[in-house]
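Reader: I am new to this structure. Please take me through one part of it in detail.

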Amino acid sequence: MMKELDKKTLEELEFDEEWGITETELDERFNEAVRLAKELARIKKVPTCEYDAEKGKTYFLYPDGHREY
């Protein structure tokens, strides 16, 4: 049942056919939007939420560079 649902959901999300953009282009646009949002937050001197892959935890990164887990 779950595999059928996942396959159906993936079929419904064919962005290339419905929207004219590939999944790769969609990923690139999303990553650029996140990068710009973080840059704006730094300009406004607002902390951003980041992920530390080594520790497996999220943290706030403040404009002065310190981290708060």
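Reader: With which side chain does the side chain of E50 make a polar contact?

Author: The side chain of E50 makes that polar contact with the side chain of T48, at 2.8 Å. Keep in mind that this is a predicted model. E50 is found in strand β1, which covers residues 48–52. Is E50 buried or exposed? E50 counts as buried, because its relative accessibility is 13% and the cut-off for buried is under 20%.

Now look at what surrounds E50. Setting aside neighbours within four places in sequence, E50 is in contact with K38, R42, K57, T58, Y59 and L61.

Take Y59 from that list. Y59 lies in strand β2, residues 57–61. Y59 is buried too, at 8% relative accessibility. The structure holds 1 aromatic pair. Its members are Y59 and Y69. Y69 sits in the segment after β3 (67–68), so the pair ties together parts that are 10 residues apart in sequence. Y69 is partly exposed, with a relative accessible area of 44%.

Next, turn to helix α3. This helix runs over residues 23–43. Its 21 residues should span 30 Å at 1.5 Å a residue. The end C-alpha atoms are 30 Å apart, which agrees with that expectation. After α3 comes K45, which has a positive phi, near 60°.

Methods
Residues are numbered from 1 along each chain as its sequence is written. This is a predicted model: local features need pLDDT of at least 70, side-chain atom pairs count only at pLDDT 80 or more; totals for chains, interfaces and linings use all residues. Side-chain values use heavy atoms; hydrogens and water are left out. Helices (H or I, at least four residues) and strands (E, at least two) are DSSP runs, numbered from the N terminus. The expected span of a helix is 1.5 Å times one less than its number of residues. Rings of Phe, Tyr and Trp (its six-membered ring) pair if their centres lie within 6.5 Å; planes under 30 degrees apart count as stacked, over 60 as edge-to-face and the rest as tilted. Buried means under 20% relative accessible area, exposed over 50%, partly exposed in between (1.4 Å probe, protein chains only). A polar contact is a pair of N or O atoms within 3.5 Å; within protein, one must be able to donate a hydrogen and the other to accept it, and residues adjacent in sequence count only if both atoms are side-chain atoms. Contact means heavy atoms within 4.5 Å.
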